Amino acid sequence: MPLAEDQRAWLDMALRNKGRFTRAATIRKEFESYRRRREKAAIAWEGIPANHPDYATIQNGLTAADQAAQNGQFSDAYKQLSTIKSLAKAAVTGHADGLHDANLRMSLKTLESHVNATTEQVDGCYRRDASIKQRIQNLPQASSADNFEGAMGILKQINELTPALRGDVADLIGAFRTAVNDLRARNIDATITRLQTDLAALRATGRGNIADKYSGGVETLARIYRSEGGRYTDATALYQHSEGLSLELERGLSVARNLGDLKPDPQAPSVRPDDKTDKIRSGLSALPEEVRAQMQLAEQKRIDERVQEYFRQRNSDSFHLLDTSVGLETLAPMPEKYNFDAVFVALTPENTPIPDEVPDELRDQLTTAVVQRITTGMTGEDANDDVLLNMSVRSFEDFATMAREQLFQGKKRNQLSDSQWGLVKHMAVAMEREVCLRAPNKMADDASEITVGGVRYEMIKELKSGANGTARLFRDPNPPNATVVVKTIIDQTQRHDLAYEIETHYRASKASSGEDSAIVGFKGAARSDNGGIHLVIEAVDGGDLEDMTGGLGAMESLGLLPPEAKRAIAIENLRKVVEAMKDLEAQGLVNHDLKPENVMFTSDGKVKIIDYGEADFVKEDGIARTDRALADTRGYAPPESGSKSFTQKFDTYALAGFLQKMVGGKTPESGEINMKPTSALSRLIEKLRDPDPEKRPSLDAILATTIMTSAQDDHGPEAMENLNAASTEFAGLISGLSSEIDLQTLVDRIGGTYAGFFRGKPPSLSKAQLVMAFIDDDISLEIDRCTQGGDYALDQGPKKINELKEKKKFLQTQIIDKLVTDQLEKGETEFGEAMKRTDKCVGFQHGDAYREVTPNEAKQLIERLQSNIETQRGQAFRLIERDDLTEEQISEQLDPLNQKLAEQAILLERIEAALKSVLGAAAKLFLAKKRLNEATVNFRGGKRALDEVDDPEAPHTKDPRDKSSTWEKVGEVFDTALNKHELSEEIDEKVST
């Protein structure tokens, strides 16, 4: 669309000021991006009253931003607009209360405690490090002795000092790693950046007097934290330093033990020959020179290999992720493995082979020795979590292979006698039995209960079951009744696959950020007495992406969710999925099996990615390699899924399917996009599905697109948070609903092919949604056939389309709508009856006291608290806008008000949770509907679908709330982030035309 005259003049000025060597298309793109941002900033400004103290500041800021843009200085212009939006938001919504004196004082105090704790912790580690190094340096040197006898005395001293040194080094390594974990948890860099941003915002709003009180303290703490060459800030460097401590100690001990040129004195008492030595010498011949040379070379090679292995391990702890804006990230460290070789060392006298016929006494003697070493390995001082997990997942086959290779120098099974193979099996059975006995986590053979981390959980129900395995839900019978999910295999030939998944999941969880991580929580590996192994993970209670999509569709069809709200939730959930993928990417993890069933939601809306049976970690070169056959889920697996090596762009491909399913409303399994080719959504999907992995956009680029930012930009974080929480709760409650319709009726109404998708089970809501999506695809195919003309288009085609529409209507009305409406009607009745009951108690903590009330009294308390909170929030906003009070006076009144609001919000949350705990499922759904109605109030009203965005052929219905100019719509898809991460070479051409 052509530019207006004033817009053309402005663009020409920017082109002249930027210089004739700059591409016009690039300037135009920057200019249009600036115009869009400015429009949003201006809209935010319009909500501020003219008498507001920040009004003139924001007005001057807009003028300064315009001037910078006219001069071609878009970076400065963007900074001005960002400041303006922050000021406007603070002025309109009361966000400025977070910048006030009390909050800054508390934030600075927290920062000070974190910086002090970090510097003391890290300095303490390095002081201990220096002390140990000094002790190593002060070790007596055997080579300094006057004679060989003296050297032997020094070696004895060194051997006496060695255990204490090794113990202190092990403790120090633990201290360094604790410092690494604490440093990451404190996230001091983010705190400093946030405080600096808040202080800058205060100065920009004329509150420099408050900023000046704290800026000196923030900068001082930042300077301390970033001093000493980054020793306090670089967690990777700390970890790498700890990795080298053991090698440094061993090197120091080796140097101290070196005898130099000292040799035994033939006349010395300790080496003087006698009759016994002569007898020994007469029976043994010296090794030939060439044999000694070979042994020396072999020993040197062994030492070199150990050093190289250490270097590989150290270097793998940090790497650069290719083609992303993540930068240097920490690869999840490889867990320590138990050295099973040590179990078999020196079991038999040197050069004494095990005979073909193994005596029972020798068999029992060897087995007892091995079992004792297994016991020591699992209960001794070196038995850490890594070692216990590594031992817990080993099988009878693993132990048999170890015993055969170690006892018989790698001979194959057919090279052993029956008696020797009997020894191997006897030993493997005993080893497995001991591991089962000593394993910290135990599953009952009948799967009725499991003990994990000392907590006993009882089996509640079976979640999923198939040919390969079973997933069960277990619950702690004691408050707060925590739950876990346990995965068990049925086919024992897949035992090694589950062991691989356990070890991969464990490794990923060790480097994750705890509860906030996208990696579903790893609870442990459990053993059964019958030898079975089990994966234990946290229970995720909000359903998967399939359930969420189906639930949103059901809510929309029933009128509970406006189309704009459904679109906003879908986009917000996808943004969370991309953020979750960044969590995996940061650890160098490729999931290899991302699909809707493996993306779960918690009840409060957090994303958790499950199933790491196909996962791999990339190496230091950014490439993951595997010899295993990978899952090939149609619509989500990329073309390179049949390859043996890939980058982290493997998982990015799956996002195309998520976008198509959740936002586009189509099933990705067909592999077709089925959307307008000119839409922003379809172009992004095409880029994500590029056959060349390196041409797929990075996760940062995807997050910065208009599609991903539109929900937050259009409706604000608070409205989106409320909507997301309400819709997630509602979707989770209806996801498990199943229809009671009989199978024959289903076959009669929708046909055997579509009914087959339900696999003979009662139709669930999510399955019905999935079948409807497949019917939609078939309707599209029929429409395509009809467009080709001929007799089919006149007769059979329209009939077929009408039949498919009737089948879809039946599923919608008789399965989905009926399921939800029946449950809601039941819930309203249940809720009313619950309010009349006086024999049920709703218990909650209030201050130091524990209160119990009836359900109806709890309901009244909730309503009263909600009203009070709304009233007090209004008081807070009005207080902030008062011109007759100083900043200090506002803070004095605002601080206690904020404290009271926080206390009431916590109490409200407790009472609501307690009330729900005494209600049935239907009554909970009734309450969730009320919450959903409240959350969707601001979403009633139309916006164009994403399929119509920047489609020149699409009819343009302007939203009355949308104040952006028409010409700006052409460039809506060209996000601000595309300055660095362009999704298509078409961008410049599109803008130019």
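A search of the whole structure finds five aromatic pairs, where rings of Phe, Tyr and Trp (its six-membered ring) pair if their centres lie within 6.5 Å. The model is predicted, so that local features need pLDDT of at least 70 and side-chain atom pairs count only at pLDDT 80 or more, whereas totals for chains, interfaces and linings use all residues. Residues are numbered from 1 along each chain as its sequence is written, and side-chain values use heavy atoms, with hydrogens and water left out.

In one of the pairs, the ring centres of Tyr506 and Phe522 are 5.5 Å apart and the planes stand at 55°, so the pair is tilted; planes under 30 degrees apart count as stacked, over 60 as edge-to-face and the rest as tilted. Because Tyr506 belongs to helix H18 (residues 495-510) and Phe522 to strand S8 (residues 522-528), the pair ties together parts that are 16 residues apart in sequence. Helices (H or I, at least four residues) and strands (E, at least two) are DSSP runs, numbered from the N terminus. Tyr506 is buried, at a relative accessible area of 10%, and Phe522 is buried at 16%. Buried means under 20% relative accessible area, exposed over 50% and partly exposed in between (1.4 Å probe, protein chains only).

The rings of Tyr636 and Phe658 also form a tilted pair, with centres 5.6 Å apart and planes at 45°. Tyr636 lies in the loop between strand S14 (624-625) and strand S15 (645-646), and Phe658 in helix H22 (residues 654-662), so this pair ties together parts that are 22 residues apart in sequence. Both Tyr636 and Phe658 are buried.

Helix H27 (residues 743-750) packs against helix H31 (residues 796-836) at an angle of about 145°, with the axes 9 Å apart. Axes are lines fitted to C-alpha atoms, for helices over the stretch in contact, and angles run from 0 to 180 degrees between N-to-C directions. Leu746, Arg749 and Ile750 of H27 and Lys807, Phe810 and Leu811 of H31 make the contact, defined by heavy atoms within 4.5 Å.

Helix H31 also holds Gln823, which counts as buried at 15% relative accessibility. Leaving aside residues up to four places away in sequence, Gln823 touches Leu737, Ala921, Ala922 and Leu925.
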